[in-house]
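Hello,

Here is the structure we talked about. Please open it first, then read my notes below.

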Amino acid sequence: SPGTPRTPHVPDSYVRVRDAREHNLQGVDVDIPRDVLTVFTGVSGSGKSSLAFGTIYAEAQRRYFESVAPYARRLIHQVGAPKVGEITGLPPAVSLQQRRSTPTSRSSVGTVTNLSNSLRMLFSRAGDYPPGAEHLDSDAFSPNTAAGACPECHGLGRVHRTTEASLVPDPSLSIREGAIAAWPGAWQGKNLRDILDTLGYDVDVPWRELPAEQRKWILFTDEQPVVTVHPIRDADRIQRPYQGTYMSAHRYVMKTFSDTKSPTLRTKAERFLTSTPCPVCGGSKLRAESLAVTIAGRTIADLAALPLSELAGTLNGTSEAARVLTEDLTSRIAPILELGLGYLSLDRATPTLSAGELQRLRLATQLRSGLFGVVYVLDEPSAGLHPADTKALLTVLDRLKAAGNSVFVVEHHLDVMRAADWLVDVGPLAGEHGGRVLHSGPVAELAAVPESATARFLFDDSPAPAREVRSPRGELKVGPVTRHNLRDVTAEFPLGVFTAVTGVSGSGKSTLIGEITEELPGVGRLVSVDQKPIGRTPRSNLATYTGLFDVVRKMFAATDEARQRGYGAGRFSFNVAGGRCETCQGEGFVSVELLFLPSTYAPCPDCGGARYNPETLQVTYRGRNIAQVLDLTVESAAEFFADTDTPAVTRSLTTLLDVGLGYLHLGQPATELSGGEAQRIKLATELQRARRGHTLYLLDEPTTGLHPADVEVLLRQLHGLVDAGHTVVVVEHDMAVVAGADWVIDLGPGGGDEGGRIVAAGPPGEVARAAGSTTAPFLARVMA
Ligand code: ADP
Ligand code: ADP
Ligand code: ZN
Ligand code: ZN
């Protein structure tokens, strides 16, 4: 009625999730406020990702695709919606997570950030052109277009050449003995040999004894003479004379390399090629016309090779005409510098970046997207970030929020948790012992939740108790190293102790430890325990990787039932025909291709994920069939096999329990394991081996993806290895871990050209007081 003001409609400002059951989630109900920073916490395997990514992000994705691509509905249906009763108040979501996709080799920092496009525009519009030259289109500054690519190397920057040494690795062999390794095998190789023989070349003297001009002709000629070959009698088989065409090894290798559709042949051909910078463009990938255009006296290739921190400075104060464009560029570079990535250059290929670097790069790029009202979902953006840069990360997250977005972050870093407006703690433990929301509310209120593992670490900042550092048994000298940003660096790694290598992102830590090899005196065996997946298909899993499955299959084959049916151990493998389900060929899943989306797996329509055919599943061991055994968690498998007198199985399961993986299922596909889980499986596999002699264990940021409670478990294992006489070297940002090391090597002080030096080396107590070390104040904070 007139006169009464209408109450404005206030939308409910929460994302409300009801009855979430994805993976281990136990019918979770949770309300999360929009437009603030929410951090999801909990031990590894508790269900944080299942909630943030598997439920909330997946549901937002599904709704989005249903609205824009109705034709994809059937496929989406097949993949399945997340198992959740209802979600209300859900905005569109953007994920910045880097899930092991394989970026193409042409993708670079410049393309990921879109900065390359802007720089090209700048060169096109405001570059200094040679007198009389026409202005070029911005395409002409891209090596990925016909207009810009160097005609010699097609925009690759390198050319492939063959040399006598690459084609003939062992010149003491005769041609008949296979001197020309680059030749094809089988009949074709014999054919070429017989042609040379017919042409009068000596195919029975060592290669090096042939005259130089003959060697040159045989390997490099472009001629293709045709001769009548009378094949040498081969194993009593008489062959008819035929017309054979000669092709030099060089020609054969180049032709195979550029024409073949077979990846195997191409890889083989590549072995005989050496790659050198393109002589025409000098490796810059661009045409001469494009390289003639400069800004501040530099070509676009020069600028793309500069660290971003320097690029910003170079662009500032260039021509007035280009002011708008340069201002745009520098303002977009600024957040990248803020996030501690100023040492990267535009031409750096993305496959050489770490997952953390790539995610922060995307984050910096998003700040300029102008999107609002979306949920950004991030997975551990602090991974690989030095504590000195954490504040900057929080500032950037704040800015996304201030622009009117919700920010959901799965994190283990205590400083990020403390900065949250809202905290969702999942737990209390992993797998079936987790999957509940223990707390959803302001951070401080978590203190009142006794069963939360997170609370134990978040509210206890008493310094680590002082401990005695171990004394080294010797020393491993590495270097002098000159590589990437390291210049003539020599490092001494003490043997028989726990060493932490520290320094800001880009300071050179990975480069330095990459120089540790088994050839160095004192190393003995070298084991690198990384976070790379244990397999790339659902065919590998925990049980196959650890060798446990071999024993289990033999146990099934030894049952009376299997023996009556004549089933051997192979029958219980899902990797070979016989016992497996043929529809999915034992994968349990079928791959579904979705337009715009990476391909996904859906459960096999025939076996429903069991992987085996019905006959195989009729055989049971202690009341369980093979699929049911694969479905056991490590923990329940340890009980199931407890009294079976199979030491190999017991050892394997015990070590998996020791590294905190009791919640994983034996058959859990490699594709579903996180990087941290993969790393701990590798560590467990390593631990179950009988160890002889000294081993050096190398771990690059082993705490990535791990909750402080998981870190404790991991450290117990690593220190156990040192106590058993081995050496452990970790690259680490977690100061609690560094404080517990026996020795610290700190690189820096900055990233890129501002780093690459050893700033301090010594026991943690000493490094914590070192002047000029970026790490020192943060280390001091956690030390007693
Ligand atoms: P977090 O993010 O807390 O480390 P996750 O949400 O990744 O935990 O995992 C929770 C549980 O769900 C774990 O037991 C994990 O092994 C299991 N899990 C994760 N992904 C899958 C999957 N694709 N299929 C089946 N189980 C899974
Ligand atoms: P950290 O491990 O301390 O983060 P890195 O050893 O990865 O540092 O990097 C040190 C320097 O070397 C950085 O300037 C980085 O950009 C550069 N760098 C690292 N890997 C490569 C590579 N594959 N190609 C070119 N430069 C690299
Ligand atoms: Zn070239
Ligand atoms: Zn199947």
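In which helix does Ser-118 lie? The answer is helix H4, residues 115–126. Keep in mind that this is a predicted model.

Leaving out residues up to four places away in sequence, Ser-118 touches Leu-325, Asp-328 and Leu-329. Thr-326 is 208 residues away along the chain, yet its C-alpha atom is separated from that of Ser-118 by 8.7 Å.

Now the domains. The assignment for the protein chain gives four entries:
- domain 1, 14–92 + 373–458
- domain 2, 160–277
- domain 3, 474–533 + 689–782
- domain 4, 542–672

The C-alpha centres of domain 1 and domain 2 are 60 Å apart.

Next, the ligands. Ligand 1 has 17 residues around it. His-23, Lys-48, Ser-49, Ser-50 and Gly-431 come nearest. That shell holds three nonpolar, twelve polar and two charged residues. Ligand 1 lies between domain 1 and domain 4, because both give residues to its shell.

Ligand 2 has 15 residues around it. Here Thr-352, His-484, Lys-509, Ser-510 and Thr-511 come nearest. The shell of ligand 2 splits into two nonpolar, twelve polar and one charged.

His-23 is partly exposed, with 18 other C-beta atoms within 10 Å.

His-154 also has a positive phi, near 55 degrees, and is a residue other than glycine. Look for His-154 in the loop between H4 and strand E6 (158–161). His-154 is partly exposed, with 13 other C-beta atoms within 10 Å.

Two peptide bonds to check. The bond from Gly-427 to Pro-428 is cis, with omega near 5 degrees. Pro-428 is in the loop between strand E12 (422–427) and strand E13 (436–441). The bond from Gly-479 to Pro-480 is cis, with omega near 5 degrees. Pro-480 lies in strand E14, residues 474–483.

On to the cores. The largest nonpolar core has 86 residues. Val-501, Leu-661, Leu-666, Val-729, Val-738 and Leu-779 touch the most other members. Helix H27 (residues 708–723) gives the most to this core, five residues. A second, separate core has 83 residues, among them Ala-52, Ala-60, Leu-329 and Leu-344.

In H8 (residues 249–259), Ala-249, His-250, Tyr-252 and Val-253 are buried. They are on the same side of H8, because they cover an arc of only 165 degrees around the axis. The face turned away from that side carries the exposed Lys-255, Ser-258 and Asp-259. The buried residues of H8 pack against H5 (164–167), H7 (212–220) and H9 (263–270).

In H12 (residues 308–315), the buried residues are Leu-308, Ser-309, Leu-311, Ala-312 and Leu-315. Seen down the axis, they fall within an arc of 165 degrees, so they line one face of H12. They pack against H11 (300–305) and H13 (323–338).

Best wishes

Methods. Residues are numbered from 1 along each chain as its sequence is written. Chains are lettered from A and ligands numbered from 1 in the order in which they are written. This is a predicted model: local features need pLDDT of at least 70, side-chain atom pairs count only at pLDDT 80 or more; totals for chains, interfaces and linings use all residues. A residue is near a molecule or strand if its C-beta atom, placed from the backbone, lies within 6 Å of it. Ala, Val, Leu, Ile, Met, Phe, Trp, Tyr, Cys and Pro count as nonpolar, Asp, Glu, Lys and Arg as charged, and the others, Gly among them, as polar. Domain bounds come from an automatic or database domain assignment. A nonpolar core is a set of buried Ala, Val, Leu, Ile, Met, Phe, Trp, Tyr and Cys residues joined through C-beta atoms within 7 Å. A residue is buried if 20 or more other C-beta atoms lie within 10 Å of its own, exposed if 12 or fewer, and partly exposed in between; C-beta atoms are placed from the backbone. Helices (H or I, at least four residues) and strands (E, at least two) are DSSP runs, numbered from the N terminus. The arc is that of the directions from the helix axis to the C-beta atoms. Two residues are in contact if their C-beta atoms, placed from the backbone, lie within 7 Å.
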